[in-house]
Structures are given as C-alpha cells and as structure tokens.
Amino acid sequence: MKFFALSILCFFSSLLLHRIPSANAADKETEHAALPPRGWNSYDSFCWIISEQEFLESADIVAKRLLPHGYEYVVVDYLWYRKKVKGAHIDSEGIDLIDEWGRMVPDPERWPSSKGGKGFTEIAKKVHDIGLKFGIHVMKGISTQAVNANTLIYDYDKGGPYMEAGRRWRAQDIAIKEKPCAWMPHGFMAVNTKLGAGKAFLRSLHKQYADWGVDFVKHDCAFGDDLDEGEIAVVSEVFKGQQNRPIIYSLSPGTSATPAMAQKINGLANMYRVTGDDWDSWPDVAAHFSVARDFAAANMTGALGLKGKSWPDLDMLPLGWLTDANSTQGPYRACKLTQDEQKTQITLWAMAKSPLMFGGDVRKLDDTTYGLITNPTLLEIDHHSSNNKEFPYINGGKGGATGPSAGAIASGVRSWIATGRKGEIYLAFFNLNNAKTTIWAEIADLSKAIPGWKIKPPCKGTEIWSGKDFGVMKKSVWAEVETHGCALFVLNCN
C-alpha cells in the first residue's frame, strides 16, 4: 500500500513538474515586445504616398526574404488618409478623409479595399495570411479637419454619440487648439484627456484600429517635444485591454527625449523614439552615439513596458533604395551613406538593442543591403545579448588617452560592449574621425564594464565585418578602423 501511495504521489508530482515549464513558456509567448521588434516601415522609401498595391508587393517580399530573420511587422507610415492631389504636402489642411465621427479613414484612391467603411481590415487579413503582422502610423489627438467640421464624438462601448451631462459632445469640446503638433501644426492638435469625451474619442480611434486587425501602432507627435502623458495613458489602457490580438505600442518622435522623460511612460509603451528623424547622412548617424549611451546607462534597454518590455528606438534604418523627407515622390535614389557608415549604423543599433525597422524599398533590395540587415551575428546581438553599454576604456587617435571621460569622447572613437548567451563577449569599435584610426582596448579592462565578470587574457577573437580570425590575443584587442567605420569582435576569453 505504501508503495502504491508513493507511486501515485510520484505520478502526480511528475505531472506538476511538467506543467511548470509549459506555463512559463505561455507567459513568455504572451509577453509584449519580449525582444526588440523588427520589421519594415514605408516612410524612408515612400514618405506618405504609398499605395495598397505597393504596400502588398512589399509585404510579400518581406514575408519571403526578411521574415525568416525576424522581421515580422510591415508598417504603413503616415498620412494614409490624405488625398494625393496636386499641391498636397505633409502639413496640408482640408484634404484628409474622415468619417462622421472625425476619425481618419484610408484614402480609397490609394487603398481601394478600404471602400465601404472597411478601413484596413482587408489589408490586415492579407498581411496575416502571409505570416506577418500589420502596423500603421497615427497622429496625436484630433485632426484640424474634424475640429473645423465639429464632428460628433463616438462612444465605442454604447455604439452611438457620446453623451454626458445631458448632451452630445463634439470635436470642438475636446480639442486643445493651443497644443498643435509641433511638426504638423495645421494637421492635428491635442485633446483634453481630463474630459470623458476626450477619452471616448481616443478610445473610438484605437478600438477601431484593433477592429481592423492592426498589430502595431506608431503614435506620432506624442513623445519628445510633444510629450502628452495623458493621451499615452489613455491609448495604453485601450491596448492593455486587447486580449485577442496584442498590439505593440510605439511612440514618436524622439526630439529632445531624455531617460528621465522615458521613465514617465516606458511602462505604458513597448518602444519609443529617442532622436529626431534619422536619414542617410553621417551627422544623423553620429548623433545617436551619446543618446544610445545615455539610455543604456539609465537601464532603459528592455525595461518594463506595456504588458511586457519597452525599448529605446534609434529610428528606422534608411538603407538601400530611398526617397527624401517630406517628399511626394517614391523611392528613386540609393542610400548616401558609405558602406563603412552603413556598417557603423547597424552595428550601433544592434549593440544598443534598438528595434530594427528597415526603411528601404524591399522591391529593390540589393545583396549588400540584404547582407547588412540579415547579418546573423548582429541579429543575435540585437535580440539575445546582455550587459549592452558603451565601453569607455579604449585607446585611439592622438594621445591614446583611456578612461571613462577620455578615449570614448575626446579622440573621436567610441566602443560598445555586450555579452552573449554562450559566454562570448561582443566588443565594437567605432571610428568617428575623418581618417583611418587604430583603436585598441586592454583585455584586462573588459571586466570594468561587466559587473560580476572576471575576464583575463588571453582571448580568442574574430572580427565580423572582415571575417578575420585574430587567433589568441594575449593582452589587447585592436583594429585599424576606416573613416566612419567600425570593427565588431566576438571574443572568447578565460
């Protein structure tokens, strides 16, 4: 009898033990943005003029060529509701499409499947059918066009006009005209989220996006110089309640963003821009080094986010075939960054664990660009490395100074460090100088940047971009780095 009882106990204990891992796996699967999101965004190649046909062609290519590398989102950037008419531009007024409730709807001339009040429903279904997730860009608050028309506010839960205090509420009741979008002042303005009607309007917007099948919302003019904590909180609450289809919540732009600002909202979102728009110019790339350093130092990388984690976003990767900012022309030119500058950009993005949103025209994706954005070491670092931060103990350039406030800044060279899943160390050197520069670091200094790690020479190392095996390095790691270029080492040390 004792043996039988013991057998029964062991049987049920084994069932319990087997249930625990599956429960943990389920928790992991439901965690929002457990890893930095990856995808494609239409802005760098189409600005605002992309059509349904162009978008679906691009999505099909992403599914075939980039999805195997983790690029799972395809995002329609801004002004999908604007009529493409003569003279239209990013701050045009009066040529947008809105419904009777003042909500933006796709331009049916560019998005024919949206006719009949379908919105993006059919687009989202087609995207889902090929294994991808669908995203859209939206603006803050309410459109000037809706305010001028003084449209009624929709109560999503009751299915009719919003009623409070015995009356119907309208756009002009909730609009804050003194708070227009800084970079689109004629297009959108804030809403008063202290009013029930203001909250109802935002709920009606974002509930509709969820009904369309949207998986990713890029919310612009709500962060940085246009920070609107009230609106972010309302929208976040809507997405928090989405059970059937999780929605990744992204904030933009990042102009003037600081870690202190991000700490006010990171728990409400999944990613947030930390700079202004990044285009294919070296000054734009170089401007990201100090910003990325500061957010990493503030422990914002992979911090608490909406139903999961949040990630500082260094902006899209303007590589490959592009258009121009504020253009009404589609992709027509090649990226202006040199090959070394392009390697520097994507290496920094990966070392900082930024979301990777490719912006080039995927229909004209060349082998070199494809190799950059699908480099397996970079993708491994971006998703699975730890202890990511700037490494200040480097030498380079005249004087060869080293230390937290010397080599990393004064000499025009930078370095980042991270650790891998198998105990490897990733060490990146960046040359911000206008001439080839030798950069090196003492192996004994690596431990200074990684708490709890006791790293001693020798180390075996390979440099990723050159493919060179450096063999055993007994004292230091070094490389001659091209102008605006980088070197990325994978080190295995004692």
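Helices (H or I, at least four residues) and strands (E, at least two) are DSSP runs, numbered from the N terminus.

For the wording of angles, under 35 degrees counts as roughly parallel, over 145 as roughly antiparallel, 65 to 115 as roughly perpendicular and the rest as oblique. On the α7 side, K199, L202, R203, H206 and K207 meet E231, V234, V235, V238 and F239 of α8, where contact means heavy atoms within 4.5 Å. These contact residues of α7 and α8 divide into 5 nonpolar, 1 polar and 4 charged. In this grouping Ala, Val, Leu, Ile, Met, Phe, Trp, Tyr, Cys and Pro are nonpolar, Asp, Glu, Lys and Arg are charged, and the others, Gly among them, are polar.

Next come helix α3 (residues 52-66) and helix α4 (residues 121-129), which pack at an angle of about 15° with their axes 10 Å apart. That makes α3 roughly parallel to α4. The crossing of α3 past α4 is right-handed.

E52, F55 and L56 of α3 meet I123, K126 and V127 of α4. Sorted by type, the residues of this contact between α3 and α4 give 4 nonpolar, no polar and 2 charged.

## The whole chain

Stepping back, the chain holds 14 helices and 27 strands. Its C-alpha trace spans about 85 × 80 × 40 Å along the principal axes. With 494 residues, a compact globule would have a radius of gyration near 23 Å, and the chain's 25 Å agrees with that. This radius is taken over C-alpha atoms, and the globule rule is 2.2 Å times the number of residues to the power 0.38.

Buried residues make up 56% of the 494 residues; buried means under 20% relative accessible area, exposed over 50%, and partly exposed in between (1.4 Å probe, protein chains only). Among contacts between residues at least 6 apart in sequence, 72% join residues at least 24 apart.

The bond from S252 to P253 is cis, with omega near -10°, and P253 sits in the loop between β12 (248-251) and α9 (259-265). A cis bond also joins P457 and P458, with omega about 5°; P458 belongs to the loop between β23 (437-442) and β24 (459-463).

L79 has a positive phi of about 65° although it is not a glycine. L79 is found in the loop between β2 (73-76) and α4, and with a relative accessible area of 0% it is buried. H484, another residue other than glycine, has a positive phi near 60°. H484 lies in the loop between β26 (476-481) and β27 (486-493) and is buried at 8% relative accessible area.

T275 is in the loop between β13 (271-273) and α10 (282-286) and counts as buried at 10% relative accessibility. Leaving out residues up to four places away in sequence, T275 touches P253, G254, T255, H288, V291 and L314. From T275 to E52, 223 residues apart along the chain, the C-alpha separation is 29 Å.

M163 lies in strand β7 (residues 163-164) and is partly exposed, with a relative accessible area of 45%. With residues up to four places away in sequence left out, M163 touches R168 and W169. The C-alpha atoms of M163 and S447, 284 residues apart along the chain, are separated by 62 Å.

## How to read the values

Residues are numbered from 1 along each chain as its sequence is written, and side-chain values use heavy atoms, with hydrogens and water left out. Since the model is predicted, local features need pLDDT of at least 70 and side-chain atom pairs count only at pLDDT 80 or more, while totals for chains, interfaces and linings use all residues.

Terms used: Axes fitted to C-alpha atoms, helices over the stretch in contact; angles between N-to-C directions. Left-handed = near helix turned anticlockwise from the far one by under 90°.
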